[in-house]
Amino acid sequence: MSAGAVRTIVRREVNDTLTDWRILVPIFILTFVLPQLLIAASSVAIDFVGDRGSVVRLIPFAMLLVGFIPASFSLITALESFVGERERNSLEALLSMPLSDNALYLGKLISSLIPPLMSSFLAMAIFGISLRIREPDLFFDGLNFEYLVVVLLLILAKSVVMVAGAVIISSHTTSIRAANLLASFVLLPTAAIIQLEALLIIAQRWDVLWLAVVLLLVVAVALTRTGMGTFNREEILSREHEQLNLRHIASTFLTFLREYRPAGTPPEAYAGQSFSLRRFYLHELPALLRDYRLPILVALLAAIAGALCGPLLGGFFDRIGQSPGRVGVTPEPDLALGIFTGIANSARLLITALLATFTFGIFSLMVPFFAFGGIGYVTSALAAAGGDWMTLGSHSPLQFVIGYVLPHGVIELPAAILGAALGIRIGAAVMAPPRGFTVGQNILWSLAQFGKVWLFVLLPMFLLAGIVQQQITARVLAALYG
């Protein structure tokens with residue numbers, strides 16, 4: 001893939017965009033008029049609310065809004081990047097160009113980004129300069145260098161996420177109407193992110209906003225990698241109006257469920273055996289664990305990161321009840337509560353794994369991260385309060401681990417890591433399907449493996465851990481803490 005080939009596609013697409021007055025007129029209004037309206041509204045808001053400090057807190061969000069609205073126009077060009085060529089009868093000419101698939105895909109992706117981002121950054125610059133001239137007090141009180149950098153990176157990351165997702169949709173649909181309907185899968189999460197950013201900006205939690213920037217960049221890279229991995233011009237040319245064949249999907253899923261074969265083995269190559277619980281435990285589960293070495297390693301790294309970062313998230317763990325102040329509380333044994341806890345933990349893992357399909361495994365990564373993060377937070381707080389790792393006592397981190405973690409944790413924590421690894425594999429299924437598999441087959445294969453392991457391994461482990469927590473851990477705590 002040469003830079004010249006990508007540049008050729010970018011030049012062609014950007015020229016088409018910048019010569020279309022239907023796109024230029026609204027972008028001009030949003031770039032030059034919207035910033036002035038928001039600055040005028042800030043002055044009115046101060047007089048109306050009577051609290052200048054509240055309006056000052058909203059200045060960074062106003063700049064974020066000024067940058068995001070023009071950037072959202074990237075969806076228009078991105079959704080039409082391939083399916084629009086089909087409806088204009090120019091798709092065959094585009095795909096017949098002597099370019100690699102990666103060069104063609106990246107050219108479309110970059111060309112969909114450049115005009116909206118230029119408009120977005122220009123609008124933010126106009127907003128900042130106008131605010132400095134018209135309302136200098138608001139400018140100096142509401143903005144600083146860190147705020148500007150964070151807002152710029154948030155706009156950039158969200159734009160790449162939206163465009164990468166829209167280009168994937170455009171390359172896998174057969175009409176603009178279908179692409180516009182599927183665009184809700186991009187718009188709804190983006191709207192939720194904007195609302196979350198507004199709350200964080202008002203609360204001035206810039207540390208969390210930096211974390212949001214990192215997560216958005218990870219998702220942007222994953223979506224770009226997914227698009228490049230699944231783009232195939234021969235399939236695009238041969239794709240006709242596709243109908244949802246639920247019977248075929250169910251048949252493929254059951255094939256993957258009944259017997260285990262490595263990912264990439266086509267369904268027709270399976271032996272057609274019925275499911276055997278004995279074969280699953282003796283042969284299939286060990287083979288699956290060997291094939292899942294990399295996801296298990298990633299889940300272990302997430303657990304280590306959680307243990308290290310736990311002390312930095314103390315406020316979160318305090319709010320959910322994992323506070324050092326609760327160390328020493330000895331609950332009464334309750335078998336029913338133990339069974340309920342096991343079912344609840346396994347259900348929580350099931351939900352995060354299903355959400356991993358839409359979040360590239362990020363939700364599954366959170367399971368070991370927060371499980372070990374709570375342990376890291378409490379042990380570090382006990383050590384900071386004078387507790388000694390080498391001796392036992394009410395403030396000893398060692399005694400906390402022996403009493404609160406080890407009895408049931410030796411069962412529960414490995415189950416959490418294994419479940420997270422299965423969820424990570426589901427999230428990765430859309431990014432890089434193995435040779436011989438489509439993206440849909442790869443997702444079905446990952447879901448089938450998760451379903452078997454969750455039902456016959458994880459659910460029993462969580463139930464056993466819940467029972468041990470109530471019947472053994474409670475007695476150990478009573479012996480240690482009185």
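I take buried to mean under 20% relative accessible area, exposed over 50%, and partly exposed in between (1.4 Å probe, protein chains only). This is a predicted model, where local features need pLDDT of at least 70, side-chain atom pairs count only at pLDDT 80 or more, and totals for chains, interfaces and linings use all residues. Residues are numbered from 1 along each chain as its sequence is written, and side-chain values use heavy atoms, with hydrogens and water left out.

**Overall**

I looked up the secondary structure and found 21 helices and zero strands. Helices (H or I, at least four residues) and strands (E, at least two) are DSSP runs, numbered from the N terminus. I then took the box along the principal axes: the C-alpha atoms fill roughly 75 × 70 × 35 Å. The chain has 482 residues, and 46% of them count as buried. Next came contacts (heavy atoms within 4.5 Å). Among those between residues at least 6 apart in sequence, 82% join residues at least 24 apart.

**Cores**

I searched for nonpolar cores, meaning sets of buried Ala, Val, Leu, Ile, Met, Phe, Trp, Tyr and Cys residues joined through side-chain atoms within 4.5 Å. The largest holds 68 residues, and Leu-154 and Ile-155 touch the most other members. Helices that each supply at least two residues include α1 (3-18), α7 (101-134), α9 (145-171) and α12 (206-230). Helix α9 gives the most, with 15 residues. I noted a second, separate core of 25 residues, which includes Tyr-260, Tyr-270, Val-453 and Leu-458.

I listed the contacts of Leu-154, leaving aside neighbours within four places in sequence: Leu-64, Glu-197, Leu-209, Ala-212, Val-213 and Leu-216.

**Single residues**

Not counting residues up to four places away, Ser-159 touches Ala-71, Leu-113 and Leu-117. Leu-148 is also found in α9. Its relative accessible area is 28%, so Leu-148 is partly exposed. Beyond four places in sequence, Leu-148 touches Met-63 and Leu-143.

I moved to Tyr-377, in helix α19 (residues 362-384). Tyr-377 counts as buried because its relative accessibility is 11%. Leu-313 is 64 residues from Tyr-377 in sequence, and their C-alpha atoms are 7.5 Å apart. Outside four places in sequence, the residues that Tyr-377 touches include Gly-310, Pro-311, Phe-317 and Pro-324.

**Salt bridges**

I counted salt bridges, each a side-chain nitrogen of Lys or Arg within 4 Å of a carboxyl oxygen of Asp or Glu. The count comes to four.

Glu-197 pairs with Lys-158, the closest N and O atoms being 3.1 Å apart. Glu-197 lies in α11 and Lys-158 in α9, so the pair ties together parts that are 39 residues apart in sequence. Both residues are buried.

Arg-261 and Glu-259 meet at 3.0 Å, N to O. Arg-261 counts as partly exposed because its relative accessibility is 26%. Glu-259, at 1%, counts as buried.

Lys-452 and Glu-284 meet at 3.7 Å, N to O. Lys-452 lies in helix α21 (residues 439-481) and Glu-284 in helix α15 (residues 277-291), so this pair ties together parts that are 168 residues apart in sequence. Relative accessibility is 3% for Lys-452, which counts as buried. Glu-284 also counts as buried, at 6%.
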